[in-house]
Amino acid sequence: MELDFDDDLLTGLRGYVRLVTRELGLTGECSYVHDEPAGAYLALDGRLPGFPDRDVALVWDESSGWSVAVETHSGEDLIVYAYFGPEVLPAPEAVARWVHGLLRGERRITSWPGARQQSHEDLVRRVAPYAAALLVPAPRNP
């Protein structure tokens with residue numbers, strides 16, 4: 001059987017997202033990873049300044065890295081509130097600090113860094129060490 005998507009990238013990304021989820025103090029039930037193109041979505045607790053009635057999400061994609069976005073009420077695309085910055089795979093701890101800061105109203109990076117020129121092989125290599133996080137059971141709600 002031939003796969004359409006590189007299993008190593010998806011496995012590593014799942015581990016990476018699990019660590020980000022853990023650093024944010026969330027359960028795995030609030031996130032999912034998808035392929036073609038590779039991406040992730042994490043529902044966040046809390047609200048952003050200026051959007052008191054909107055749900056908030058942390059979104060990752062392989063070309064622009066992490067962004068925090070607000071949900072729309074109409075089912076349209078998310079509205080990006082802030083981008084993490086130029087690093088596509090920052091440390092999970094750094095992502096959590098950034099998200100918590102945004103939720104507290106701290107300064108945000110607003111300009112889109114643009115698409116990164118990174119090969120698929122490089123991304124697979126960089127995300128591969130995070131696959132080990134899948135060997136540890138995910139936290140569950142009490």
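Author: Buried residues account for 41% of the 142 residues in the protein chain. Buried means under 20% relative accessible area, exposed means over 50%, and partly exposed lies in between (1.4 Å probe, protein chains only). The model is predicted, so local features need pLDDT of at least 70 and side-chain atom pairs count only at pLDDT 80 or more, while totals for chains, interfaces and linings use all residues. Residues are numbered from 1 along each chain as its sequence is written, and side-chain values use heavy atoms, with hydrogens and water left out.

Start with the overall plan. The protein chain has three helices and five strands. From the N terminus, the order is α-β-β-β-β-β-α-α. Helices (H or I, at least four residues) and strands (E, at least two) are DSSP runs, numbered from the N terminus. Among contacts between residues at least 6 apart in sequence, 55% join residues at least 24 apart.

Now take helix H3, residues 120-127. Which of its residues are buried? They are Leu123, Val124 and Val127. These residues cover an arc of only 100 degrees around the axis, so they sit on the same side of H3. The arc is taken from the directions that run from the helix axis to the C-beta atoms. Turn to the face of H3 that points away from the buried side. That face carries Glu121 and Arg125, both exposed. The cover over the buried residues of H3 includes helix H1 (7-23) and strand E3 (56-61).

How do H1 and H3 meet? Two packed helices are described by the angle between their axes and the distance between the axes. The axes of H1 and H3 come within 8 Å and cross at roughly 45 degrees. H1 is therefore oblique to H3. Axes are lines fitted to C-alpha atoms, for helices over the stretch in contact, and angles run from 0 to 180 degrees between N-to-C directions. Angles under 35 degrees count as roughly parallel, over 145 as roughly antiparallel, 65 to 115 as roughly perpendicular, and the rest as oblique. The crossing of H1 and H3 is left-handed. A crossing is left-handed if the near helix is turned anticlockwise from the far one by less than a right angle, and right-handed if clockwise. H1 makes this contact through Asp8, Leu9, Gly12, Leu13 and Tyr16, and H3 through His120, Leu123, Val124 and Val127.

Look at two residues of that contact. Aspartate 8 lies in H1. Aspartate 8 counts as exposed, at 51% relative accessibility. Beyond its neighbours within four places in sequence, aspartate 8 touches Val124 and Val127. Aspartate 8 and valine 127 are 119 residues apart in sequence, yet 8.4 Å apart in space, C-alpha to C-alpha. Histidine 120 belongs to H3. Histidine 120 is partly exposed, at 33% relative accessibility. From histidine 120 to leucine 9 there are 111 residues in sequence and 8.7 Å in space, C-alpha to C-alpha.

H1 also packs against H2. Their axes are 8 Å apart, at an angle of about 45 degrees. H1 and H2 are therefore oblique to each other. H1 passes H2 in a right-handed crossing. H1 brings Tyr16, Leu19, Val20 and Glu23 to the contact, and H2 brings Pro92, Glu93, Val95, Ala96 and His100. Alanine 94 is also in H2. Alanine 94 is buried, with a relative accessible area of 18%. Alanine 94 and glutamate 23 are 71 residues apart in sequence and 9.1 Å apart in space, C-alpha to C-alpha.

Finally, the core. A nonpolar core is a set of buried Ala, Val, Leu, Ile, Met, Phe, Trp, Tyr and Cys residues joined through side-chain atoms within 4.5 Å. The largest one has 36 residues, and Tyr16, Leu24, Leu58, Trp60, Trp66 and Trp98 touch the most other members. H1, E2 (39-44), E3, E4 (65-70), E5 (79-83), H2 (92-103) and H3 each supply at least two residues of this core. Tryptophan 98 is in contact with Leu58, Trp66, Ser67, Val68, Ala82, Tyr83 and Phe84, leaving aside neighbours within four places in sequence.

Technical notes: Contact = heavy atoms within 4.5 Å.
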